[in-house]
Amino acid sequence: MTYKVLIVDDSKLARMSVIKALNALHPDWTRIEAADADEALLQINQQHPDIVLLDFNMPGKDGLAFAAELRQQHSHMSVALVSANRQVEVIRRSEAAGAAFLAKPLTEEALREFLDNAVQKLRGAVS
Amino acid sequence: MRPPASVILSEMELDALTELVNLGVSNAAHSLRELVREEILLSVPKVTVVSRDEAIKNLGERDVKRLVAVHQDFDGDIAGRALLIFPETKSLELVRAIVGSDLSLDDIIELEQEALAETGNIILNACLATMANNLGRTLKISLPEVLHGGGPEFFYVKPPPFVDDNVLFSYINFSVRQRNITGYIAMLLDLPSLATLKNLLAALIERTSSHTTSTVPPNGH
Amino acid sequence: MATDVSIGPNQVLDAVNGGLIVLDHSRRVVSWNTWMETASGYAEQDTRGKLLAEVFQGTDLTRLIFAIQAALTSRSSTILTHAINPALLPLQTRSKRPLLHDITVSPVGVPPIKQCLIFVNDVTMATRRERYLRDRQNARYDAVVANAPDLIITVDHDGLIQFANPATLSQLGYASGDLIGVPAKDLFQTKDQWQSVLQAALNNSPAGRPIDLIARRRDGTPSHLEASTSLWASGANNFVTVILRDVNERRAISEALRKSETEARDAAAALSELNQTLEQRVQERTARMMQMEEELRQSQKMEAIGQLTGGIAHDFNNLLQGITGGLDLVKKRVMQGRFNEIDRFISGAMTSASRASALTHRLLAFSRRQPLAPKPLEVNPLLASMEELFRRTLGERVLFELVTAGGLWLTKCDPNQLENAVLNLAINARDAMPDGGKLTVETGNSHLDSVYATVHPEIEPGQYVCISVTDTGSGMSAATIERAFEPFFTTKPIGRGTGLGLSMIYGFAKQSGGHAKIYSELGKGTTVKLYLPRFRGQVEQEEQIPDLSDIYNAHTNETVLVVEDEFVVRELIVEVLKELGYSTLEADDGPAALKILDSKQRIDLVISDIGLPGLNGRQIIDAAREVRPSLKVLFMTGYAENAAIAAGFLEPGMSMITKPFAMEALATRIREMLEK
């Protein structure tokens with residue numbers, strides 16, 4: 001079963017890095033990219049992704065605020081915050097917002113764990 | 001001496017560099033938090049490569065005549081110096097942010113050199129180390145030194161080999177204990193270093209966009 | 001070979017006056033010099049191969065380990081100072097005191113060998129000496145600064161406060177820490193002066209004598225201070241310390257002195273003046289003042305009337321024309337024997353007459369002194385009825401607009417006074433717009449809540465009807481607004497305006513339980529708002545004035561005595577009475593009336609003017625009632641009906657009607673009185 005993954009980060013390199021890891025795990029899944037929260041919303045309304053990976057430090061609305069919004073308005077989506085900012089407060093706030101926290105640089109293992117959880121949740125939600 | 005056009009970074013390379021600085025600064029935030037024991041908000045809105053004259057002008061334009069900088073040299077495949085620059089008036093502000101506001105003015109003044117040195121040390125180390133790591137290189141990084149002065153003093157450095165004309169400039173916004181401090185990270189690289197940097201960035205981009213799961217070549221290759 | 005090389009006892013390392021530790025790539029001890037042994041109490045053989053955490057159990061080594069990791073993985077050097085990190089490692093001096101130290105961590109070894117060098121530098125003596133010196137300095141300094149009654153502030157070269165002594169905090173009302181980082185100029189009312197004091201100090205050219213400044217305390221009150229400054233530097237930072245001496249008391253004393261001097265002088269002068277013809281002067285002045293006041297009061301009205309009468313005379317002429325013209329036409333038609341259309345001309349004439357009477361009424365009310373007679377009132381119809389009057393008063397160059405709110409609450413006040421007030425405001429507005437403009441009169445419901453009442457303590461919170469008069473004239477300055485309601489205060493040149501209008505309006509508002517307020521901006525215009533309390537109740541219904549019909553006709557033989565000295569009016573009333581079927585008797589003054597009343601003649605009702613020459617109407621009736629105790633009287637008066645009632649004038653069986661009145665109204669009243 002394939003899923004749609006939306007990757008949001010203002011750095012193209014960072015997006016490439018995430019996609020690379022995603023390709024290694026699930027080459028058949030759909031990848032959608034956005035450079036900031038506004039673009040991301042556009043893509044969400046058009047493409048309806050199942051999973052969203054957000055950068056924390058973005059211009060405009062920051063990743064954490066956006067993550068909280070997404071969890072409220074599109075609660076079926078799995079959201080993870082991807083950031084090199086590993087401060088304990090950031091991690092706590094991610095969790096409080098209902099998003100997973102993945103440290104940058106993203107390793108395949110960390111991504112795999114998150115995706116497996118996400119898929120389980122999505123399967124559960126559908127049935 | 002103007003650099004040859006080929007050395008100036010492409011848009012993708014600049015994107016990659018920005019991301020590296022971002023990663024470095026995020027790492028720095030994490031370790032600064034250990035020092036300060038409160039959440040640090042650090043962000044890097046912009047990274048540019050400008051000529052030395054333009055760099056000095058940028059600093060002057062912000063109406064800051066007196067600056068304080070923490071300076072560290074680095075050596076290896078890329079050599080140069082890195083500076084973390086703050087407006088001098090903000091330095092006491094920064095010290096209070098690090099050590100708290102309960103100390104008297106005298107104590108703050110006393111601790112200024114050390115606080116700046118350690119903060120600068122953490123930030124610059126994290127940035128340089130992250131960059132080096134991701135580019136698959138190692139650098140030897142010196143201990144920090146605190147300097148006071150103005151743009152020209154920082155950027156015109158004798159003796160050679162720092163005869164370059166380019167400065168990698170990034171603004172960094174820093175907020176801790178409700179104090180907003182804006183400073184800059186500036187890195188001066190000599191020309192060969194800039195060319196090397198460009199190549200390394202290209203290689204990084206290549207590695208990241210490739211579909212193989214090849215890993216980054218080990219440090220020290 | 002890429003192996004860890006453990007360095008054995010090395011004379012150089014052991015001779016160094018500082019701690020040297022070498023760790024391998026797994027952070028285990030490879031080398032531990034003698035200095036470290038002495039300072040830590042652990043010998044090299046006890047530490048070799050261990051992690052630092054194992055050697056120094058129980059110590060928080062987080063930052064140190066972080067630095068070690070950085071040196072090993074990314075070859076960066078880190079400095080950890082005692083100043084910022086007071087307790088890095090548990091080390092002791094030879095005399096068993098805590099050893100204060102800085103630590104630097106650096107990578108060492110040529111790749112692929114990766115090791116980490118930790119250098120521990122003893123700063124105990126330097127730190128202690130500095131501390132001692134500073135404490136001594138501080139003790140001296142603190143003794144002065146902490147206890148000084150003067151305000152002592154240190155600012156940096158951006159003018160931000162970096163230090164404020166206890167006297168500063170207590171004098172200005174701040175808590176400790178409130179002022180750090182605050183721009184010093186926020187503390188001063190005389191900001192420009194402060195700026196130049198600071199600038200002079202930073203340029204190292206201070207004034208040489210104390211400069212007067214006024215500071216603002218946290219509660220907003222001012223504090224007079226004298227400032228002396230000095231510039232000092234610490235490292236590359238420049239600071240200015242300012243000593244501010246409180247001169248409030250000195251000022252207060254000299255001010256009081258000055259005042260009392262002036263008072264003494266004035267008293268002496270007055271005394272000598274009074275010495276001469278003391279009583280006479282006092283009397284003269286008092287009399288003059290009273291007269292002036294009265295004159296002014298009257299002239300205020302006269303002036304307003306004067307301003308009105310011009311327009312009103314014009315109106316009157318028109319109205320008279322309406323009357324005479326109409327009657328003329330009637331006469332012609334009757335003489336021609338043509339009786340059609342007479343009705344129209346008569347109606348026209350009557351309309352003109354009633355409008356004329358309304359105007360007269362207004363004028364009379366305006367010029368006469370009348371006691372305040374409040375009654376429940378709808379403001380909108382009252383203002384609407386004045387519209388013509390406004391337009392007349394304002395002239396052609398002023399645009400007039402009346403904006404009435406729907407659902408306007410009732411209020412209770414004297415309608416005449418309200419008319420006066422609004423008209424006066426209109427006149428003021430007109431005078432403020434010599435080149436024309438716009439006048440808007442607006443009504444609306446208003447809640448003045450307790451917050452408003454806090455700012456305006458003279459008013460009760462509650463619900464009010466608000467009447468506002470807005471012009472686009474020259475406006476008033478804040479100073480003028482403050483004094484506008486004072487009696488005799490005027491901004492008009494001598495000879496124009498008496499300054500009483502607004503004070504009377506204010507007095508009226510207050511007497512009615514309300515409030516008046518002025519809003520104005522120079523060059524833009526003025527709004528005056530009158531607030532009158534909401535009246536919860538019913539308006540007394542206007543008496544319906546139905547058509548003359550047979551119901552009001554007399555029962556047989558009812559006789560009415562008409563006492564009125566004005567021939568025309570008397571005849572008119574008699575005519576109407578006859579038409580209604582009453583028998584009538586007439587008298588043109590008091591004695592004549594009394595003669596009739598003395599007789600045995602049947603009299604059912606007396607209609608009498610109050611204001612008669614000689615005996616007035618009331619006196620006549622009082623006398624008559626001695627013989628005819630239940631005599632019914634209908635008084636006619638030009639005064640407001642209620643004034644007399646309020647004065648407790650009327651007794652049972654007495655009633656009043658206001659001139660001029662419609663004949664239907666008279667007929668109804670008569671009928672009513674005779675029914676009772």
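Predicted model: local features only at pLDDT ≥ 70, side-chain atom pairs only at ≥ 80, totals over all residues.
Local features are given at pLDDT of at least 70 and side-chain atom pairs at pLDDT 80 or more, while totals for chains, interfaces and linings use all residues. Residues are numbered from 1 along each chain as its sequence is written, and side-chain values use heavy atoms, with hydrogens and water left out.

Chain A contains an open sheet of 5 strands in the order 2-1-3-4-5, with parallel pairing. Strands are DSSP runs of E, at least two residues in length, and helices are runs of H or I of at least four, both numbered from the N terminus; two strands pair if DSSP finds at least two bridges between them. Strand 2 (30-34) and strand 5 (100-103) of chain A are the edge strands, each pairing on one side only. Strand 3 (residues 51-55) and strand 4 (residues 78-83) of chain A run parallel and are joined by 5 bridges. A:S78 in strand 4 is the bridge partner of A:I51.

Between chain B and chain C, about 2,900 Å² is buried, 56% of it from carbon and sulfur atoms; buried area is the accessible area (1.4 Å probe) that two parts lose on being put together, summed over both. B:L105, B:E118 and B:L143 supply 18% of the area that chain B buries against chain C, more than any other three residues. The two chains share 1 salt bridge, defined as a side-chain nitrogen of Lys or Arg within 4 Å of a carboxyl oxygen of Asp or Glu. C:R63 forms a salt bridge with B:E118, with the closest N and O atoms 2.6 Å apart.

Key
Chains lettered and ligands numbered in written order.
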